[in-house]
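Please look over the model below before reading my notes.

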Amino acid sequence: MQIDIVSVFPEYFDVLNLSLFGKAQSKGLVSVHAHNLRDWTHDVHHSVDDTPVGGGAGMVMKPEVWAECLDDLLGLEPQDMSANDDADSTAAPAETDGAAQETAASDALQDAQSGNDLRTPVHTPDSVLIFPNPSAPLFTQRDATELSHAKRLVFGCGRYEGYDARIPAYYRAQDVDVREYSIGDYVLNGGEVAVSVMLEAITRLLPGFMGNPESIVEESYTGSEALLEHRQYTRPAVWRGMGVPDVLLSGDHGKVDRFRRDEALARTDAIRPDLIEQLDCARLSKADRKTLMALGWEVSAEHPRRLKRG
């Protein structure tokens with residue numbers, strides 16, 4: 001997998017040379033290139049931002065700098081969006097006032113961002129352009145799994161008040177697969193941390209990345225029937241007077257598996273009941289049903305339903 005990252009702080013990604021990610025690069029599983037966005041500026045100050053149109057606090061990253069950079073990385077030629085209007089369009093002629101042109105541009109932007117465009121498409125082409133954005137849909141394990149099959153990922157790290165909204169809209173209009181993701185309900189100083197999080201989640205799913213591939217099979221959020229993972233323990237069996245659950249020492253693998261499954265269901269019920277609601281009741285075992293009913297769920301319909309507590 002080829003990974004390109006655009007940032008005003010490319011040195012931030014030196015950390016990717018460490019641990020499993022560094023080993024994956026040495027083995028040729030991934031190739032990482034961090035680019036400095038300021039290399040595509042032309043002014044003496046290497047400016048990448050400007051004040052918000054319409055006023056407001058902070059600065060917004062400029063589309064022209066990003067466009068020069070992304071055009072180079074994606075091998076695209078600059079396009080004038082107004083030149084792509086239909087021949088029978090009822091748009092105002094060029095000599096009309098700016099209001100009509102502004103409306104047309106706004107409509108084009110809305111068209112490019114309509115529907116579920118912020119969410120992942122149903123296919124993964126060779127290259128995917130990804131922008132972290134706290135106002136975008138949440139990045140999930142399912143997204144990580146899908147993106148792990150891409151041949152190339154290009155990440156854009158926003159800063160300040162973010163990037164001009166026309167940037168992702170423009171590249172979607174050029175048939176680029178553009179994704180915008182949030183990694184949680186909070187705001188960061190820049191996209192670098194979010195990109196690092198997504199890269200860890202994506203690349204660890206590549207064949208050969210993990211030393212023991214079985215270690216990712218039963219993790220939280222993994223698979224079509226995603227649950228939170230059960231708790232883990234190691235030796236010594238008793239530490240500072242605290243012991244591990246006896247069943248884990250029994251040697252009975254069937255009982256151990258059932259204990260872990262029940263704990264996963266209980267932890268998910270307590271912390272992320274929304275994941276319980278997504279389970280397919282037809283795929284639940286008899287023991288799963290028994291556990292969920294004991295936790296206060298009704299499991300006779302298509303999906304579990306929380307019973308009202310008295």
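The numbered points below go from the whole chain to single residues.

1. Ground rules. This is a predicted model: local features need pLDDT of at least 70, side-chain atom pairs count only at pLDDT 80 or more, and totals for chains, interfaces and linings use all residues. Residues are numbered from 1 along each chain as its sequence is written, and side-chain values use heavy atoms, with hydrogens and water left out.

2. Overall make-up. The chain has 9 helices and 11 strands. These elements are DSSP runs numbered from the N terminus: helices are H or I with at least four residues, strands are E with at least two. Of the 310 residues, 38% are buried. Buried means under 20% relative accessible area, exposed means over 50%, and partly exposed is in between (1.4 Å probe, protein chains only). The chain exposes about 18400 Å². Carbon and sulfur atoms supply 52% of that area. Accessible areas come from the Shrake-Rupley method with a 1.4 Å probe; for residues, only the protein chains shown count as cover.

3. Contact range. Take the contacts in the chain with a separation of 6 or more: 70% of them join residues 24 or more positions apart. Contact here means heavy atoms within 4.5 Å.

4. Helix H5. Residues 166-173 form this helix, and 6 of its 8 residues are buried. They are Ile167, Pro168, Ala169, Tyr170, Tyr171 and Arg172. Just after H5, Asp175 takes a positive phi of about 65 degrees.

5. H2 against H5. The axes of H2 (residues 63-74) and H5 come within 10 Å and cross at roughly 35 degrees. On the H2 side, the contact uses Pro63, Trp66, Ala67, Leu70, Asp71 and Leu74. On the H5 side, it uses Arg166, Ile167, Tyr170 and Tyr171. Axes are lines fitted to C-alpha atoms, for helices over the stretch in contact, and angles run from 0 to 180 degrees between N-to-C directions. The crossing of H2 and H5 is right-handed. A crossing is right-handed if the near helix is turned clockwise from the far one by less than a right angle, and left-handed if anticlockwise.

6. The rule asks for a side-chain nitrogen of Lys or Arg within 4 Å of a carboxyl oxygen of Asp or Glu. Arg179 pairs with Glu146, with the closest N and O atoms 3.4 Å apart. Arg179 lies in strand S7 and Glu146 in helix H4 (residues 141-147), so the pair ties together parts 33 residues apart in sequence. Arg179 is buried at a relative accessible area of 0%. Glu146 is buried at 17%.

7. Glu192 bridges to Arg159, with the closest N and O atoms 2.8 Å apart. Glu192 lies in helix H6 and Arg159 in the loop between strand S6 (152-156) and H5, so this pair too ties together parts 33 residues apart in sequence. Both Glu192 and Arg159 are buried. Arg231 and Glu263 meet at 2.7 Å, N to O. Arg231 lies in the loop between H6 and strand S8 (238-239) and Glu263 in helix H7 (residues 253-271), so the pair ties together parts 32 residues apart in sequence. Arg231 is partly exposed at 45%, whereas Glu263 is buried at 10%. Salt bridges also link Arg258, Arg261, Asp262 and Asp288 in a network.

8. Ala201. This residue lies in helix H6. Why does Ala201 count as buried? Its relative accessibility is 18%. Leaving out residues up to four places away in sequence, Ala201 touches Phe139 and Ala144.

9. Nonpolar surface. Phe9, Tyr12, Tyr186, Leu188, Val193 and Val197 form a nonpolar patch with about 500 Å² of accessible area together. Patches are made of residues with over 30% relative accessible area and no salt bridge: like charges are joined within 9 Å, nonpolar side chains (Val, Leu, Ile, Met, Phe, Trp, Tyr) within 5 Å. Tyr186 lies in the loop between strand S7 (177-181) and helix H6 (192-203). Tyr186 is partly exposed, at 44% relative accessibility.

10. Backbone checks. A cis peptide bond joins Arg235 and Pro236, with omega about 5 degrees. Pro236 is in the loop between H6 and S8. Ser19, in helix H1 (residues 19-26), has a positive phi near 55 degrees. His46, which is not a glycine, has a positive phi of about 55 degrees.
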